[in-house]
Amino acid sequence: MKKTDHAADGATGSVDVPRFRGRNLPALDRAVITVLPPVLIVAVLVVVTLNPDGAAESISAARTFVTGKFTWLFVLYSLVAVAVCVWLVFSRIGTVRLGGPDARPEHGKFAWYSMLFACGQGIGLIFWSVAEPILLRDDNPVVPAEQTGEADGAMVWSYFHWGFTAWAMYCVVAVCLAYSHHNLGKTLTFREATVDILPKWSQRGAGVVVELLAIIATVLGLATSFGFAALQFSSGLASFTGLSTGPGIWLLVILGLAGLTAVSAFFGINKGMKRISETNSVLSIVLLVAVLVFGPTIFLISNITQTFGSFFANFLAMSFWTDSGTAGQDIATWQDSWNGWWTVFIWCWVIAFSPFVAGFIARISRGRTIREFVIGVTVVPSLIVMVWIGVIGSAALHYDDRRDRGISAAVAADTSSGLFVMLESVPVVGSLLLVVATVLVATYYVTSLDSGAHALAEFVSAPRKAGPFFRVVLVASIAAVAVTLLTLGGTAVVDTVQTGTIIGAFPFSFVILLMIANLVRRLLTRTPETVRLEREVNDPTPDVPGADRGTTAEQAAAEPVERQPAVEAGREAEPLPQT
C-alpha cells in the first residue's frame, strides 16, 4: 500500500491506497486464522519426527494416488493458466490498470523483474538447471534421445518445466490477487480473491479454510526450502573450502541466512529485497557470461539454438502429455510414472509455492496494466530461464561427456551438488564461479524467504498493516521450523515434509481454479460503475467530494462489519467490465 499526503485549505490529510473495501473478519475467524496454523504445523512436525517411516509411507501413498488418478487434472490446470494469460494479453481487459486508471508503477522494470524472478524461481533454477538436464538426458518422452541421437529432450523438458507454463501458473494467481487488492480495495489475501463467487451462506467458512490452506502451505513450503537451501549452500561451501557438511554447519547456515533475511524483511521492499534482488540479477549475469565465454562457447550457442527450436516445435505436445499409458491402470507407486517424477511433481511444487510467490508479485505490481503485468511475469522470466538453462545445462552435458559421465554420477549421489561439480570443470574461472554460485544460493533464498514473509504477513494480519518487527518474527518462526526438521529428523524428514507440502497442492489447486473463475467473472462483468469504484478506492485525497466513503485498513479493522457501508458498496460494484 502507498501512503500519500495531501494539503488543501491549509489542512493536511493522509490516506492509504487502495482504500479498504473488503470484509472485516469477525474476532473468532481472526483467532482461528492466527492460532490454528502454528498448532497444525507443530502437530505435523511432531508426527513426522516421532514416526518418520510411517509418515513417509503415508505421504508416498498419497503421492501415488494423486499421480495415478489426477495427472490429467494438473495438466488441465496448467493449460487453463496458459489460456487465461493469453486471453488477458490479447483481449480488451489487458488495458485495465492495476490500481485504477491513474496508477503508475512503483518500481522500475529492472528492479521489478529482479524481484519477481528472485521470489519465483531463482533458488529452484540454481538447484535444477544442471540436475534436470543430466537426469533426463537418457530418459524422456515426446522428444526421446533416440530420435535425434542427442540430449535435446533433456534440455527441452527443462525449458518446459521452468519456463512459460510454470510462470503462467504463478501469473494467473498473482493477477487474481492484484486485481482484487489494487482495484477493488480487498485485502491481499486468497479468501477475498475467491469467496465472492460462492453462495453467501458459505463465504465466511470457506474464507477461513482458504486462508488456512494458504498460510500452512507458505510456512511449510518456505521451511522445507530453507532446509534444502542450507544443504545446497553447505555443498557450495564444501566445493571450495573443503569443509565437511553436517548438522552443525546446517544450523550455522540457517541462522546466517535467517539473520540476513530478517534484516531485509525489516527494512522493507525498497531498502531490503529490492537491493538484494538487483544484486542477484547482476551476479547471475556474471556467472552466465563467464560460463558462456570461458566454457565451450560454440557448443553452447549451437545447442541453445537447436534446443530452442525443438522446444517451440514440441511445446503443445508436452503441454498435453498425460502419460496415458499409466493413467488407465493402477500403479504400485508414483515412481512407476514419468510424470510422477517430473511434470506432476513440478506443477505441484509451483501450486504449493503460489501463495507467497503470487502474493508478493501482486504486491509489487501496482500501476501496471494487466497486459504489461502478464507479459512481464510470463514472457520475460521465461526467456531468462531458457537462456540460463541453455547455458548452464548445455555446459553440464558437455562436461559430463568429457568426464565420462562424472557429473551424472555426482548428481545421482547428491542432486544439490550438480551445479558446483559442473562449475569446477570451467577453465580459468571455475574456482571463482564456485564462490559466486554459493553466494547466489544464499541471496536467492533470502529473497524467497523475504517475499514469503511479506506475503504471510498479509495473510495473517489483513486488513491491519503488518509492521517490520512482525515480519522478522515470521522469518524467525520459519527458521525455527527448518532447524527442527534438520536437527531432529535430518534430510529424510525434510524431504518427507516437502513432499507432503507438495501433495497439499492437490486440494489447493481447486481453490485456485475457483479464484480464476472469480477473476474472469469480475472482469467480464466490469461496468463504468466499477471504473468509478477503482478510482475512488485509489484516490489518495481524503478531502475531495465522495472520498470520505472510503476507510483505511486501520479504521476498518476497528469497526464492526455492519458499520461499513463501503464494504457492501464495494461488493455491489465488483461485477464490472468492458471499458
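## A nonpolar surface patch

Ile285, Val289, Val293, Phe294 and Val428 make up a nonpolar patch on the surface, with about 480 Å² of accessible area together. Patch residues have over 30% relative accessible area and no salt bridge, and nonpolar side chains (Val, Leu, Ile, Met, Phe, Trp, Tyr) are joined within 5 Å, like charges within 9 Å. A salt bridge puts a side-chain nitrogen of Lys or Arg within 4 Å of a carboxyl oxygen of Asp or Glu. Areas come from the Shrake-Rupley method with a 1.4 Å probe.

This is a predicted model: local features need pLDDT of at least 70, side-chain atom pairs count only at pLDDT 80 or more, and totals for chains, interfaces and linings use all residues. Residues are numbered from 1 along each chain as its sequence is written, and side-chain values use heavy atoms, without hydrogens and water.

Valine 289 sits in helix α10 (residues 247-294). Helices are DSSP runs (H or I, at least four residues), numbered from the N terminus. Valine 289 is partly exposed, at 43% relative accessibility. Buried means under 20%, exposed over 50%, partly exposed in between.

Serine 277 also lies in helix α10. Serine 277 is buried, at 0%. Beyond residues up to four places away in sequence, serine 277 touches Ser114, Met115, Ala118 and Thr447. Contact means heavy atoms within 4.5 Å.

## Glutamate 372 in helix α15

Glutamate 372 belongs to helix α15 (residues 370-402). Its relative accessible area is 26%, so glutamate 372 counts as partly exposed.

The C-alpha atoms of glutamate 372 and arginine 97 are 9.1 Å apart, though the two residues are 275 residues apart along the chain.

Terms used: Helices (H or I, at least four residues) and strands (E, at least two) are DSSP runs, numbered from the N terminus. Buried means under 20% relative accessible area, exposed over 50%, partly exposed in between (1.4 Å probe, protein chains only).
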